Amino acid sequence: MVRRPELLRTAAAAPAAFAKGLPGRFTSALHDERVASWLGIALGVGFTLSFVTGLISHFMQHPAGWMVWPSRPAGLYRVTQGLHVMGGIATVPLLLAKLWTVYPRLWQWPPVRSAVHAVERLLVLVLVGGALFQLVTGLLNIAYWYAFPFYFTVAHYWTAYVLFGALLVHIATEWPKVRATVMTRPGDAVHRRAFLGAVAAAGGVTLLTVIGETVTPLARLAVFAPRRPGVGPQRLPVNKSAVAAGVTRTARDAGWRLTVTGRVDREVTLTLAQLRALPRRTVRLPITCVEGWSAEATWEGVRLRDVLRLAGTSGDARVRVESLEPGGLYRTSDVDPPHWRDPLTLLAFGLNGAPLDLDHGYPCRLIAPNRPGVMQTKWVHRVVVG
Ligand SMILES: Nc1nc2c(c(=O)[nH]1)N[C@H]1C(S)=C(S)[C@@H](COP(=O)(O)O)O[C@H]1N2
Ligand SMILES: [Mo]
């Protein structure tokens, strides 16, 4: 514990570097370059992690023509998207602390000293604006609070490049300062260490309130998580229900058929009974929503590759599964060769030991390894080979 008199003494002795020119206004010794540097390093690591994992998520859903995503390790996307969302959430207290530390600089006088200084300040504006935008829109999105008039994924994706570009320039220009402060001895004063420790603890506590939505043993701590593993029909969360998707009638229709069509040797049409009569497999796979929650479940169904073999397809075929859902962004998904050839990829009709719930995609849904939840299409009725 820090004793108060010592804290005050240290604080009084430390130069309040950012408050220069504004005597008496910003008296805390924590408005300090050393504190700002440490927080900057942590934020640099955090934002880089978010950027890279965000790109992975984006390009898994919208692969460029030359990209081939592997289907293994089966839980890889669960890790990268968990880092993206959980890491982003843990960054919030760090960013707030950093903004508090440096905000006296906002009032520096004169506001602009030279052209270079003007560019530097503009860059900081982009950096702060971009960081706040990414964190706020990310949080609103996972809370299903669409308070913004633009399409989330597009805005979040493009802002990421702007933010990361500004971050790289910022690192390049601030690096000498970081070296001169945190990379030189002597060590940090007690008040700085206490403050940075408190910020780190705040990040940790924030993380604990949500991480259970993907780290199942901690599910009970996840008081701020919008979805929790184990909560939902068949102990699995649901994002879009059958009612919301408008499939309650078509999915329960006795006339439901699974059709395999497109570039096949022979078109195949199966009733649910015929599908269930094919060799059955049971796999353990997670659903990993792009919003960060994930949950493992036991799926029963037939291998997609077995169904495709019935129809006769080439080994490098491009496959698309289509839902009964009449519209919506996730009505179809592409299943590229590494995924449709994978023995874990099923057209599932059973979940956790019972027939698939209507909300989980009855009569039949796709479940595949290493894949975003948005591509685990529910209420499948057509497989189109291209
Ligand atoms: N047809 C269809 N399939 C869909 C969706 C959808 O909106 N429509 N949502 C997807 C999303 S975003 C996720 S995370 C998973 C969730 O599966 P679950 O509801 O069975 O947990 O389903 C996916 N499959
Ligand atoms: Mo999702």
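Lys-240 comes out as partly exposed because its relative accessible area is 33% (buried means under 20%, exposed over 50%, partly exposed in between, with a 1.4 Å probe and protein chains only). This is a predicted model, in which local features need pLDDT of at least 70 and side-chain atom pairs count only at pLDDT 80 or more, while totals for chains, interfaces and linings use all residues. Residues are numbered from 1 along each chain as its sequence is written, and side-chain values use heavy atoms, with hydrogens and water left out.

Lys-240 pairs up with Glu-325 in a salt bridge, 2.7 Å from N to O (a side-chain nitrogen of Lys or Arg within 4 Å of a carboxyl oxygen of Asp or Glu). Lys-240 sits in the loop between H6 and helix H7 (242-245), and Glu-325 in the loop between strands S5 (319-323) and S6 (332-335), so the bridge ties together parts that are 85 residues apart in sequence. Helices (H or I, at least four residues) and strands (E, at least two) are DSSP runs, numbered from the N terminus. Glu-325 itself is buried, at a relative accessible area of 5%.

The structure holds 11 salt bridges. One of them links Arg-192 to Asp-32, with the closest N and O atoms 2.8 Å apart. Arg-192 belongs to helix H6 (190-208) and Asp-32 to the loop between helices H1 (4-13) and H2 (33-61), so here parts 160 residues apart in sequence are tied together. Both Arg-192 and Asp-32 are buried.

Another joins Arg-105 and Glu-33, at 3.7 Å from N to O. Arg-105 is partly exposed, at 28%, and Glu-33 is partly exposed too, at 24%.

Technical notes: Chains are lettered from A and ligands numbered from 1 in the order in which they are written.
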